[in-house]
Amino acid sequence: ILVTLSYIAFFNFPSADDFCYASTTKQVGLLQAQYNWYKDWSGRYFSTFLLCVSPLVKNNLFLFRLQSVALIIGFYGAIWLSVKNIASKYITSLDIWGIVSILFVFLINNMVSVNEAFYWLAGALNYTPAFIMLVLFVNVLFTKMIDFSKINTWNYVAFTLVFCISGNNEITMLINFSVLSLYIFYIYFFNREKLNWMYIIL
């Protein structure tokens with residue numbers, strides 16, 4: 001299914017808002033287009049940035065289609081990373097790939113619209129990257145960021161993910177805020193750790 005969905009992406013054509021974002025960026029430039037969309041339309045900064053730097057701006061249909069492939073692979077990769085971090089101590093690598101494939105098929109089969117998740121990029125870039133980054137953030141939070149006593153690379157990764165997720169869409173931003181709040185509540189009230197200023201910044 002992963003290969004099939006990726007293959008279908010090479011028959012994808014831009015439509016509707018895809019042209020609007022590309023046309024506006026061509027006319028007024030990236031910074032002004034970003035400002036206009038943020039101020040007058042959606043209030044989102046990261047998803048509109050992704051749409052404003054669309055390959056359509058340079059009339060590149062091949063790279064436009066590759067965006068859909070990247071979303072599909074990223075979606076699969078996010079599932080794989082989660083299963084690996086949860087179950088790698090208990091099952092084999094082959095079992096992990098099997099579980100990931102089953103979950104991938106299940107999620108694809110139960111999507112309201114596969115088209116809007118991967119192929120209609122004016123919609124997909126608002127939600128699918130946010131889901132992928134949210135999953136990555138949760139994995140980083142619980143596997144790499146247990147110790148906030150000093151600055152490390154994973155701190156910067158976490159800050160970047162939070163910044164991008166917050167600018168992608170409001171739903172994922174609230175989910176991310178809830179996850180982080182519960183994590184902070186747990187370490188502070190159950191583990192009795194001192195609340196580090198890094199958590200507050202996040």
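Colleague: What share of the 202 residues of the chain counts as buried?
Modeller: A word on the basis: this is a predicted model, in which local features need pLDDT of at least 70 and side-chain atom pairs count only at pLDDT 80 or more, while totals for chains, interfaces and linings use all residues. Residues are numbered from 1 along each chain as its sequence is written, and side-chain values use heavy atoms, with hydrogens and water left out. A residue is buried under 20% relative accessible area, exposed over 50% and partly exposed in between, with a 1.4 Å probe and protein chains only. Of the 202 residues of the chain, the share that counts as buried is 40%.

Colleague: Thanks! How many helices and strands does the secondary structure of the chain come to?
Modeller: Helices (H or I, at least four residues) and strands (E, at least two) are DSSP runs, numbered from the N terminus. Along the sequence, the pattern reads α-α-α-α-α-α-α-α-α-α-α. The C-alpha atoms fill a box of roughly 55 × 40 × 30 Å along the principal axes. The count is eleven helices and zero strands.

Colleague: Of the contacts in the chain with a separation of 6 or more, what percentage do residues 24 or more positions apart account for?
Modeller: A contact means heavy atoms within 4.5 Å. Taking the contacts with a separation of 6 or more, the part from residues 24 or more positions apart is 70%.

Colleague: On to helix α3: are its buried residues on the same side or on opposite sides?
Modeller: In α3 (residues 30-40), the buried residues are A33, Q34 and W37. They cover an arc of only 100° around the axis, taken from the directions that run from the helix axis to the C-beta atoms. An α-helix has 3.6 residues a turn, so residues three or four places apart point the same way.

Colleague: How far apart in space are F118 and V69, C-alpha to C-alpha?
Modeller: In sequence, F118 and V69 are 49 residues apart. In space, C-alpha to C-alpha, the distance is 7.9 Å.

Colleague: How is α8 oriented relative to helix α10?
Modeller: The axes, lines fitted to C-alpha atoms (for helices over the stretch in contact, with angles from 0 to 180 degrees between N-to-C directions), come within 10 Å for α8 and α10 (residues 170-189) and cross at roughly 10°. Angles under 35 degrees count as roughly parallel, over 145 as roughly antiparallel, 65 to 115 as roughly perpendicular and the rest as oblique. That makes the orientation of α8 relative to α10 roughly parallel.

Colleague: How do the residues of the contact of α8 with α10 divide by class?
Modeller: From α8 come A130, L134, F137, V138, L141 and F142, and from α10 come T172, I175, N176, V179, L180 and Y183. Ala, Val, Leu, Ile, Met, Phe, Trp, Tyr, Cys and Pro count as nonpolar, Asp, Glu, Lys and Arg as charged, and the others, Gly among them, as polar. The division is ten nonpolar, two polar and no charged.

Colleague: Last one: how does α9 lie relative to α10?
Modeller: Helix α9 (residues 153-166) packs on α10 with the axes 8 Å apart, at an angle of about 140°. The contact is made by V162, I165 and S166 of α9 and T172, M173 and N176 of α10. That angle makes the lie of α9 relative to α10 oblique.
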